[in-house]
Amino acid sequence: MVSQIHSAIDVVQNAKKSFLTTYVTEDSVREPLEAFVDTQTVFAKQVAQTSWDMGHAFLDAVNNVLVKTPLRK
């Protein structure tokens, strides 16, 4: 599931890069903006992964309290 979230992030970020490539022709302006988009991509993927991991940890904890059987092995 996280890979699907990462794919959605890539779609949005690639659209940003495509926009920059198309409309910002000055390299000295475009390159820092592309680096910023790359940094946003890494950050968004880290947030998605952390959120996914926290959700699983929370659900495992709730399951252990209520059912006392692990969801994952």
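Colleague: In which helix is T21 found?

Modeller: In this predicted model, T21 is found in helix α1.

Colleague: What does T21 touch, leaving out residues up to four places away in sequence?

Modeller: T21 touches R30 and E34. These count as contacts because heavy atoms lie within 4.5 Å. As for E31, ten residues from T21 in sequence, the C-alpha atoms of T21 and E31 are 9.4 Å apart in space.

Colleague: How do the axes of helix α1 and helix α2 lie to each other?

Modeller: Helix α1 covers residues 2-23 and helix α2 covers residues 27-66. Their axes come within 10 Å and cross at roughly 165 degrees.

Colleague: Why is α1 called roughly antiparallel to α2?

Modeller: The crossing angle is roughly 165 degrees. Angles over 145 degrees count as roughly antiparallel, so α1 is roughly antiparallel to α2.

Colleague: What is the handedness of the crossing of α1 and α2?

Modeller: The crossing of α1 and α2 is right-handed.

Colleague: Which residues make the contact?

Modeller: On the α1 side they are V2, I5, H6, I9, D10, Q13, K16, K17, L20 and T21. On the α2 side they are R30, L33, E34, V37, D38, Q40, T41, A44, K45, A48, Q49 and W52.

Colleague: How many residues of the contact of α1 with α2 are nonpolar, polar and charged?

Modeller: The contact of α1 with α2 has nine nonpolar, six polar and seven charged residues.

Colleague: Why does E34 count as buried?

Modeller: E34 is found in helix α2, and its relative accessibility is 19%. Buried means under 20%, so E34 counts as buried. Not counting residues up to four places away in sequence, E34 touches K17, L20 and T21.

Colleague: What makes K16 partly exposed?

Modeller: K16 is found in helix α1 and has a relative accessible area of 34%. Buried means under 20% and exposed over 50%, with partly exposed in between, so K16 is partly exposed.

Colleague: Which residues does K16 touch, not counting those up to four places away in sequence?

Modeller: K16 touches V37 and Q40. The C-alpha atoms of K16 and L33, 17 residues apart along the chain, are separated by 9.6 Å.

Colleague: How many aromatic pairs does a search of the whole structure find?

Modeller: The search finds one aromatic pair. The rings are those of F19 and Y23, with their centres 4.9 Å apart. Centres within 6.5 Å make a pair.

Colleague: Why is the pair of F19 and Y23 called tilted?

Modeller: The ring planes of F19 and Y23 are at 45 degrees. Planes under 30 degrees apart count as stacked, over 60 as edge-to-face and the rest as tilted, so this pair is tilted.

Colleague: Where do F19 and Y23 lie?

Modeller: Both lie in helix α1, four residues apart, about one turn of the helix. Both F19 and Y23 are exposed.

Definitions and conventions:
Residues are numbered from 1 along each chain as its sequence is written. This is a predicted model: local features need pLDDT of at least 70, side-chain atom pairs count only at pLDDT 80 or more; totals for chains, interfaces and linings use all residues. Side-chain values use heavy atoms; hydrogens and water are left out. Axes are lines fitted to C-alpha atoms, for helices over the stretch in contact, and angles run from 0 to 180 degrees between N-to-C directions. Helices (H or I, at least four residues) and strands (E, at least two) are DSSP runs, numbered from the N terminus. Angles under 35 degrees count as roughly parallel, over 145 as roughly antiparallel, 65 to 115 as roughly perpendicular and the rest as oblique. A crossing is left-handed if the near helix is turned anticlockwise from the far one by less than a right angle, and right-handed if clockwise. Ala, Val, Leu, Ile, Met, Phe, Trp, Tyr, Cys and Pro count as nonpolar, Asp, Glu, Lys and Arg as charged, and the others, Gly among them, as polar. Rings of Phe, Tyr and Trp (its six-membered ring) pair if their centres lie within 6.5 Å; planes under 30 degrees apart count as stacked, over 60 as edge-to-face and the rest as tilted. Buried means under 20% relative accessible area, exposed over 50%, partly exposed in between (1.4 Å probe, protein chains only).
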